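This report covers the packing of a helix pair and the nonpolar cores of a predicted model. The sequence and structure come first.

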Amino acid sequence: MNIVTVARVERNPTVKNEIAQKGFSRSLPVGFLAYPISQAADITAFKAELVPVGDDQLPMIEQTNEIVHKMNSLTTTPILQHCKALLSDVSRLPGIDGNAKMSKSLGNTLTLSASEEEIHRAVSTMYTDPNHLRVADPGQVEGNVVFTYLDAFHADKAFVAEMKAHYRRGGLGDRQCKNALETCLQELLAPIRERRATYIQDKGMLLTLLRRGSERAHELTQRTLHEVKRGLGLPVLF
């Protein structure tokens, strides 16, 4: 942690945005400010090369690589691994209210465990084009959350492209678009929700899976920690 300055963390765009969003100003929790360093530790401990993130986390990846570069300059041979961000075609999903970021604290999320009714309510309240007042009116798909989610999750891209064209020229209502999205999300999330319920019902199996994962993670991270200690000339006591 001592190889990163407070000024550098405060320049991190993701941190700056979160500070503004949460209204911390100078009443900033130390743990929050240190989060990029903790995230870097999580990545480097496993020597991850590809990290799946949203585009809002790219500054975190950049800072992680700065930390890796600095640490490797302190050890006898390079030990930690530089990483790259793995972005999907839709690198960030907006909140269902149209907010730039989906966040539990903002109450604008749609969870993988959502029930059929919760999915219905979420889609029904999704932000669309506020100027699309009548079905006959031409609509805008850019910034329209319904179409952002259709782009991300609907398997039939030609169908979505036609919906966009229809919406732009007018004659397609928001309700029809939302119905198409809800059908898509219901089909997508149902098996995920059912599988999750299976694990929740069998607490023994769930705890076994968590324990196995923790043991494997501990083995890998301890190996990295020992390599770093030896590289810095420190004793490996455990």
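Helix 7 and helix 8 pack with their axes 9 Å apart, at an angle of about 160 degrees. Helix 7 is therefore roughly antiparallel to helix 8 (angles over 145 degrees count as such). The crossing of helix 7 with helix 8 is left-handed, meaning that the near helix is turned anticlockwise from the far one by less than a right angle.

| Helix | Residues | Residues in the contact |
|---|---|---|
| Helix 7 | 145-153 | Phe-147, Leu-150, Asp-151, Ala-152 |
| Helix 8 | 157-169 | Lys-157, Val-160, Met-163, Lys-164, Tyr-167 |

Contact means heavy atoms within 4.5 Å. By class, the contact of helix 7 with helix 8 has 6 nonpolar, no polar and 3 charged residues.

Lys-164, in helix 8, counts as buried because its relative accessibility is 18% (buried means under 20% relative accessible area, with a 1.4 Å probe and protein chains only). Apart from neighbours within four places in sequence, Lys-164 contacts Val-141, Phe-147 and Asp-151.

The largest nonpolar core has 22 residues, of which Met-126 and Leu-181 touch the most other members. Such a core is a set of buried Ala, Val, Leu, Ile, Met, Phe, Trp, Tyr and Cys residues joined through side-chain atoms within 4.5 Å. Helix 6 (116-124), helix 7, helix 8 and helix 9 (174-201) each supply at least two residues of this core. Beyond four places in sequence, the contacts of Met-126 include Ile-96, Val-145, Tyr-149 and Leu-181. Another core, of 15 residues, lies apart from it and includes Val-15 and Met-71.

The model is predicted: local features need pLDDT of at least 70 and side-chain atom pairs pLDDT 80 or more, while totals for chains, interfaces and linings use all residues. Residues are numbered from 1 along each chain as its sequence is written, and side-chain values use heavy atoms, leaving out hydrogens and water.

Definitions and conventions. Axes fitted to C-alpha atoms, helices over the stretch in contact; angles between N-to-C directions. Helix = DSSP H or I, 4+ residues; strand = E, 2+ residues; numbered from the N terminus. Parallel < 35°, antiparallel > 145°, perpendicular 65-115°, else oblique. Nonpolar A, V, L, I, M, F, W, Y, C, P; charged D, E, K, R; others polar. Buried < 20%, exposed > 50% of the residue type's maximum accessible area, 1.4 Å probe, protein only.
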